Amino acid sequence: MSLARALTRLPCDGETERLLRDVLSVFGHHPSEWLSERDIQTKTGRSGSDVHAVLPVLSAAYVLDFDGESGRYRYGGDIALGIEID
């Protein structure tokens, strides 16, 4: 799975693209760190509904890991995925 697969499940518009860029930038600066939706909201300045719209999709496409028990996400730092994100 990949970022390309996640993109097929999200709206194809400029606002979604900017949102993804913001979210992935945060995870890129915090590799392997578990972050909650609230953490991502705070770090991006995006609304909860915006963040909630993309995080589960990124998790389902294996771009992000998700821990259901804590409700947190992380980016594992996969090299191939990192190239795709760039």
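User: Quick one before I look around: what counts as a polar contact?
Analyst: A polar contact is a pair of N or O atoms within 3.5 Å, and within protein one of them must be able to donate a hydrogen and the other to accept it. Keep in mind that this is a predicted model.

User: OK, so where does a side-chain oxygen of Asp13 reach?
Analyst: To within 3.1 Å of the backbone nitrogen of Glu15, at the start of α2.

User: And how many residues does helix α2 have?
Analyst: Helix α2 covers residues 14-29, so to speak a run of 16 residues. From first C-alpha to last, α2 reaches 23 Å, close to the 22 Å expected at 1.5 Å a residue.

User: Which residues in α2 are buried?
Analyst: Thr16, Leu19, Leu20, Val23, Leu24, Val26 and Phe27. They sit on the same side of α2, because the arc they cover around the axis is only 150°.

User: Let me zoom out. What's the pattern along the chain?
Analyst: The protein chain reads α-α-β-α-α-β-β-α, which comes to five helices and three strands. Buried residues are 35% of the 86 residues.

User: Which residues touch the most other members of the largest nonpolar core?
Analyst: Val23, Phe27, Ile40, Leu55, Leu58, Val63 and Leu64, out of 21 residues in that core. Helix α2 gives the most to this core, with six residues. In general, nonpolar side chains tend to be buried together in soluble globular proteins.

User: Back to Phe27, then. What does Phe27 touch?
Analyst: Not counting residues up to four places away in sequence, Phe27 touches Leu35, Ile40, Leu55, Leu64, Tyr73, Arg74 and Tyr75.

User: New topic: what's the strand order in the sheet?
Analyst: It's an open sheet of three strands, ordered β1-β3-β2 with antiparallel pairing. β1 (35-36) and β2 (65-67) are at the edges with a single partner strand each, so one side of each has no neighbour in the sheet.

User: How many bridges join β2 to β3?
Analyst: Three, and the two strands run antiparallel, with β3 at residues 72-74. Phe66 stands opposite Tyr73 in β3.

User: Last one, Ser59: buried or exposed?
Analyst: Ser59 counts as buried because its relative accessibility is 17%, and buried means under 20%. Ser59 lies in helix α4, residues 48-60. Leaving aside neighbours within four places in sequence, Ser59 is in contact with Leu64, Phe66 and Tyr73.

Key
Residues numbered from 1 in each chain as written. Predicted model: local features only at pLDDT ≥ 70, side-chain atom pairs only at ≥ 80, totals over all residues. Heavy atoms only, no water. Helix = DSSP H or I, 4+ residues; strand = E, 2+ residues; numbered from the N terminus. Buried < 20%, exposed > 50% of the residue type's maximum accessible area, 1.4 Å probe, protein only. Contact = heavy atoms within 4.5 Å. Pairing = 2+ DSSP bridges. Expected span 1.5 Å × (residues − 1). Arc of directions from axis to C-beta. Core = buried A, V, L, I, M, F, W, Y, C linked by side-chain atoms within 4.5 Å.
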